[in-house]
Amino acid sequence: MKRFIAALIVSLIPIFAVGEARAQTGKELFIVPGYAATPSDHWFPWLDAYFKEKVSEVSIVEMPSPNSPDVEEWVGALDEVIGIPDENTFFVAHSLGCITLLHYLESLPEDTRIGGLVLVSGFDASLPILPELDPFVQQPVDFSRIKKMTSKIILITARDDSIVPYELTENLGKSLGGEVIVVDQGGHFLGSDGFTSFPLVAATLERILAEE
């Protein structure tokens, strides 16, 4: 009986190994919140639930001290949670999370490749109403390095965004060589703006995921 059980365990090893390999090649999504936001805010939980059955894993990164963000701590948090991504790794970031994500990506090895980016209300310049966030934009981003990682970069902004003027997101899109989607209304896409769900982000990410 013991020999039978041992033989059965040995016979199952290749099956588990195959399953593990499949999991490793599955698509993974990281959602990066912005200033003063937690994983339970805005449309992040909705997006998490939406993609649970569509990709292998979804993670909403919990940023340290969201109300008093430090650029090194925020980039370090991404490095700790994500590690080294690959072509099956996709990102959605919002507001301050966008520039943080870009700083994290430019710190990775030269040969790093990722699946794609969806950046919502992103910026890489000083915000007049939030000068305390200036340390995040004082160090220029190496856009050429990020553009080598993926050609799938889409940015979303609203003309009535009173926090991040849509022109800043458009400028960021030009620097990244990405597609920019501008909607007339949406504000900063916060929960207080009515965004507890965000079908446009979901549809945009699905478009990127479908591109092979």
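The paragraphs below lead through a predicted model of one protein, from its overall plan to single residues.

Residues are numbered from 1 along each chain as its sequence is written, and side-chain values use heavy atoms, with hydrogens and water left out. Because the model is predicted, local features need pLDDT of at least 70 and side-chain atom pairs count only at pLDDT 80 or more, while totals for chains, interfaces and linings use all residues.

The protein has seven helices and six strands, where helices (H or I, at least four residues) and strands (E, at least two) are DSSP runs numbered from the N terminus. Along the sequence these elements follow the pattern α-β-α-β-α-β-α-β-α-β-α-β-α. Of the 212 residues, 46% count as buried; buried means under 20% relative accessible area, exposed means over 50%, and partly exposed lies in between, with a 1.4 Å probe and protein chains only. Among contacts (heavy atoms within 4.5 Å) between residues at least 6 apart in sequence, 76% join residues at least 24 apart.

The six strands form an open sheet with parallel pairing, in the order β2-β1-β3-β4-β5-β6, and two strands are taken to pair if DSSP finds at least two bridges between them. Strands of a sheet pair through backbone hydrogen bonds, either parallel or antiparallel. At the edges stand β2 (57-60) and β6 (179-183), each with a single partner strand, so one side of each is left without a neighbour in the sheet. From one strand to the next the twist averages 15 degrees; for such angles, axes are lines fitted to C-alpha atoms, for helices over the stretch in contact, and the values run from 0 to 180 degrees between N-to-C directions. Helix α2 (residues 44-51) packs on this sheet, where it touches β1, β2 and β3, and its direction makes about 170 degrees with that of β2. Helix α6 (residues 166-176) lies across β4 (116-120), β5 (153-158) and β6, and runs at about 170 degrees to β5.

Within the sheet, strand β1 (residues 28-32) and strand β3 (residues 89-94) run parallel and are joined by five bridges. Here phenylalanine 30 stands opposite phenylalanine 91 in β3, and both of these phenylalanines are buried. A pair of aromatic rings is described by the distance of the centres and the angle of the planes. Rings of Phe, Tyr and Trp (its six-membered ring) pair if their centres lie within 6.5 Å, and planes under 30 degrees apart count as stacked, over 60 as edge-to-face and the rest as tilted. By this rule the count comes to nine aromatic pairs. One of them is formed by phenylalanine 30 and phenylalanine 91, which are stacked at 5.9 Å centre to centre with 25 degrees between the planes. Because phenylalanine 30 lies in strand β1 and phenylalanine 91 in strand β3, the pair ties together parts that are 61 residues apart in sequence. Elsewhere, Trp43, Phe44, Phe189, Phe195 and Phe198 form one aromatic cluster.

Further along the sheet, β4 and β5 run parallel and are joined by four bridges, with leucine 117 opposite isoleucine 153 in β5. Six of the six residues of β5 are buried, so this strand is largely enclosed by the rest of the structure. In a regular strand the side chains alternate between the two faces of the sheet. Threonine 157 has 0% relative accessibility, and, leaving aside neighbours within four places in sequence, its contacts include Tyr166, Val182 and Phe189.

Two loop residues complete the walk. Alanine 37, in the loop between β1 and α2, counts as buried at 2% relative accessibility. Not counting residues up to four places away in sequence, alanine 37 touches His42, Phe44 and Pro66; proline 66 is 29 residues away in sequence, yet the C-alpha to C-alpha separation is 6.0 Å. Threonine 112, in the loop between α4 (96-106) and β4, is buried as well, with a relative accessible area of 4%. Its side chain reaches the backbone oxygen of proline 109 at 2.8 Å, and, leaving aside neighbours within four places in sequence, threonine 112 is in contact with Pro85 and Met149.

Technical notes: A polar contact is a pair of N or O atoms within 3.5 Å; within protein, one must be able to donate a hydrogen and the other to accept it, and residues adjacent in sequence count only if both atoms are side-chain atoms.
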